[in-house]
Amino acid sequence: NEAGAFNLLVYTMFVCGIRGMYLQGMNQFKVWMEYLNRQLSINMPKLTGHLERMGMSSVMYAAPWFLSLFGASMPLDLVSGVLDVLLVERSAPILFKVALVLLEGCEEHLL
């Protein structure tokens, strides 16, 4: 129902802490993209170097993932799992974990 959907939206924004991604200036989103860059450079330095040489920043590929909570580009079963963990853990680290796993799974192909 509409009230339940709205309550879930409010919960996701405020309790899970993703509201800042959508506020004017998108400051939280920018910080999160920098954090993703740091994690990528620690966990996959070869891929990081390759992407930098190609002129690609994390915003170019990860913005749709984070801003849509993976809904814009991933299968529904993956999105459902991400949302389940986000709602249970009440925090956004799952978004970074999923992004890093996706990149790790594609690393050989991207290189």
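Just after helix 1, G17 takes up a positive phi of about 80 degrees. Helices here are DSSP runs of H or I with at least four residues, numbered from the N terminus.

Colleagues, a word on the source. This is a predicted model, in which local features need pLDDT of at least 70, side-chain atom pairs count only at pLDDT 80 or more, and totals for chains, interfaces and linings use all residues. Residues are numbered from 1 along each chain as its sequence is written, and side-chain values use heavy atoms, with hydrogens and water left out.

Let me turn to helix 1 itself. Helix 1 has 14 residues and reaches 19 Å from its first C-alpha to its last, close to the 20 Å expected at 1.5 Å a residue; the expected span is 1.5 Å times one less than the number of residues. At its start, a side-chain oxygen of N1 comes to within 3.2 Å of the backbone nitrogen of A3.

V10 lies in helix 1, residues 2-15. V10 is partly exposed, at a relative accessible area of 32%; buried means under 20%, exposed over 50%, and partly exposed in between, with a 1.4 Å probe and protein chains only.

Finally, the loops. Most residues other than glycine have a negative phi. M26, in the loop between helix 1 and helix 2 (27-43), has a positive phi near 50 degrees. M26 is partly exposed, with a relative accessible area of 31%. R90 sits in the loop between helix 5 (76-89) and helix 6 (93-110), and its phi is positive, near 60 degrees. R90 is exposed, with a relative accessible area of 52%.

How values were computed: Helix = DSSP H or I, 4+ residues; strand = E, 2+ residues; numbered from the N terminus. Polar contact = N/O pair within 3.5 Å; in protein donor to acceptor, adjacent residues only side chain to side chain.
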